[in-house]
Amino acid sequence: MFVPLHDTNPLKKISFPYVTVGLIALNVAVYVVLQTGWVVPLEDEDLSAFAVVPAQFLANTAGDTPFLASGGVLVPERLTLVTYMFLHGGWVHLIGNMLFLWVFGDNIEDAMGHMRFIMFYVMCGIFAALSHTYMLPHSDLPLIGASGAVAGVIAAYLILHPKVKVWVLALWRIPIRITAAWALGIWILAQFANLFFASEEAVAWWAHLGGLLSGALLILFMRRRGVVLFDRTRGGA
């Protein structure tokens with residue numbers, strides 16, 4: 001419903017969001033090198049080895065072959081909890097996730113520091129995949145994308161900076177300036193609504209909700225000392 005474009009929420013503790021920029025660069029590089037076929041033309045079954053497939057994940061991690069993934073590439077099954085979040089289903093999927101990460105990730109990195117932000121991002125992504133897996137244990141659809149990890153960033157930003165003004169594209173075409181509470185709050189409500197009413201099984205709504213929950217909890221413990229919750233600063237945009 002809202003595509004974020006820009007917020008004016010200056011960094012206070014770090015000079016540059018190296019981790020945020022690095023994560024965006026890595027996601028784009030993986031897509032270009034492995035998924036477009038321009039550089040390394042992998043087959044779909046090879047790429048699926050890096051995805052989380054709930055039925056396969058639960059079978060392999062509980063059985064006698066805990067380190068086998070499907071496809072022509074062998075990947076430790078538990079490692080797919082990390083690798084899946086660097087694959088995307090298309091350019092729109094990739095760009096959407098990276099826009100959210102670009103606009104909101106730098107301030108969460110600032111609130112935590114570089115190393116803790118890496119841990120936060122990965123932990124949100126892992127919890128998102130586990131939530132999806134255990135809510136849909138028989139699904140054989142591969143889970144890919146940074147949406148779960150990015151959802152954790154969204155939850156953390158909403159808890160830290162709900163009053164900051166953000167420029168967004170409403171319905172992909174109308175630029176408006178609203179508070180983060182409205183932009184991100186509506187996005188979160190849409191995830192709950194889609195969980196119950198959407199018929200599109202290819203979208204991992206449970207992963208989004210798992211990422212949101214983990215981000216909301218982790219920010220309480222992983223933020224720097226002195227970083228307040230629900231900051232009243234409105235900023236500009």
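Where is the place of threonine 133? Threonine 133 sits in helix 6, residues 114-135; helices here are DSSP runs of H or I with at least four residues, strands are E runs of at least two, and both are numbered from the N terminus. Before going on, bear in mind that this is a predicted model, where local features need pLDDT of at least 70, side-chain atom pairs count only at pLDDT 80 or more, and totals for chains, interfaces and linings use all residues. Residues are numbered from 1 along each chain as its sequence is written, and side-chain values use heavy atoms, leaving out hydrogens and water.

Back to threonine 133: it is buried, with a relative accessible area of 0%. Buried means under 20% relative accessible area, exposed means over 50%, and partly exposed is in between, using a 1.4 Å probe and protein chains only. A polar atom of the threonine 133 side chain lies 2.8 Å from the backbone oxygen of alanine 129. Leaving out residues up to four places away in sequence, threonine 133 touches Val52, Pro54, Phe57 and Leu58, where contact means heavy atoms within 4.5 Å.

Now for the nonpolar core. In soluble globular proteins, nonpolar side chains tend to be buried together. Here the largest such core has 61 residues, and Leu101, Ile108, Phe117, Phe120 and Tyr121 have the most contacts inside it. A nonpolar core is a set of buried Ala, Val, Leu, Ile, Met, Phe, Trp, Tyr and Cys residues joined through side-chain atoms within 4.5 Å. Helix 7 gives the largest share, 11 residues. Take phenylalanine 117: beyond four places in sequence, its contacts include Val19, Leu23, Leu101 and Ile108.

How do helix 1 and helix 5 pack? Their angle is about 165° and their axes are 8 Å apart; axes are lines fitted to C-alpha atoms, for helices over the stretch in contact, and angles run from 0 to 180 degrees between N-to-C directions. The two helices are therefore roughly antiparallel to each other, the word used for angles over 145 degrees. Residues making the contact include Tyr18 and Val19 of helix 1 and Trp91 and Leu94 of helix 5.

Finally, look at proline 162, in the loop between helix 7 and strand 2. Proline 162 is buried too, with a relative accessible area of 12%. Its contacts outside four places in sequence include Tyr157, Thr179 and Phe230.

Terms used:
Polar contact = N/O pair within 3.5 Å; in protein donor to acceptor, adjacent residues only side chain to side chain. Parallel < 35°, antiparallel > 145°, perpendicular 65-115°, else oblique.
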